[in-house]
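Colleague: Could you take me slowly through the salt bridges of this model, with the terms explained as you go?

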Amino acid sequence: MRQTTIDIGAMPDRVQLAEQVRSTRVPCVPRHDNDDVAVLIPAPARTRRRIGRTLSQSDLDTFLSPAGGWHDMETDNR
């Protein structure tokens, strides 16, 4: 399904409706003359990423510590 975006910043009544859908997380169906004209659904929640976080040497050491932990295990089960 193709979709387009529109800026509703200059339309206070539509901003209020969009904010209501976003805050309640409940879809809304606007009607005009007893006809459904659209379906407003809340946008997916944004995932929060840590951008620009620098790992410390301690972080790297903790991550790499299990590497090679099984190097002396016998893996041939014949």
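Modeller: What follows looks at the salt bridges and then at the chain around them. This is a predicted model, in which local features need pLDDT of at least 70 and side-chain atom pairs count only at pLDDT 80 or more, while totals for chains, interfaces and linings use all residues. Residues are numbered from 1 along each chain as its sequence is written, and side-chain values use heavy atoms, with hydrogens and water left out.

A search of the whole structure finds 2 salt bridges, a salt bridge being a side-chain nitrogen of Lys or Arg within 4 Å of a carboxyl oxygen of Asp or Glu. In one of them, arginine 22 meets glutamate 19 at 2.7 Å, N to O; both residues lie in helix 1 (residues 12–24), 3 residues apart, which is about one turn of the helix. Helices (H or I, at least four residues) and strands (E, at least two) are DSSP runs, numbered from the N terminus. Glutamate 19 is partly exposed, with a relative accessible area of 38%, where buried means under 20%, exposed over 50% and partly exposed in between (1.4 Å probe, protein chains only).

Aspartate 36 forms a salt bridge with arginine 31, and their closest N and O atoms are also 2.7 Å apart. Here aspartate 36 counts as exposed at 51% relative accessibility, and arginine 31 is exposed as well, at 54%.
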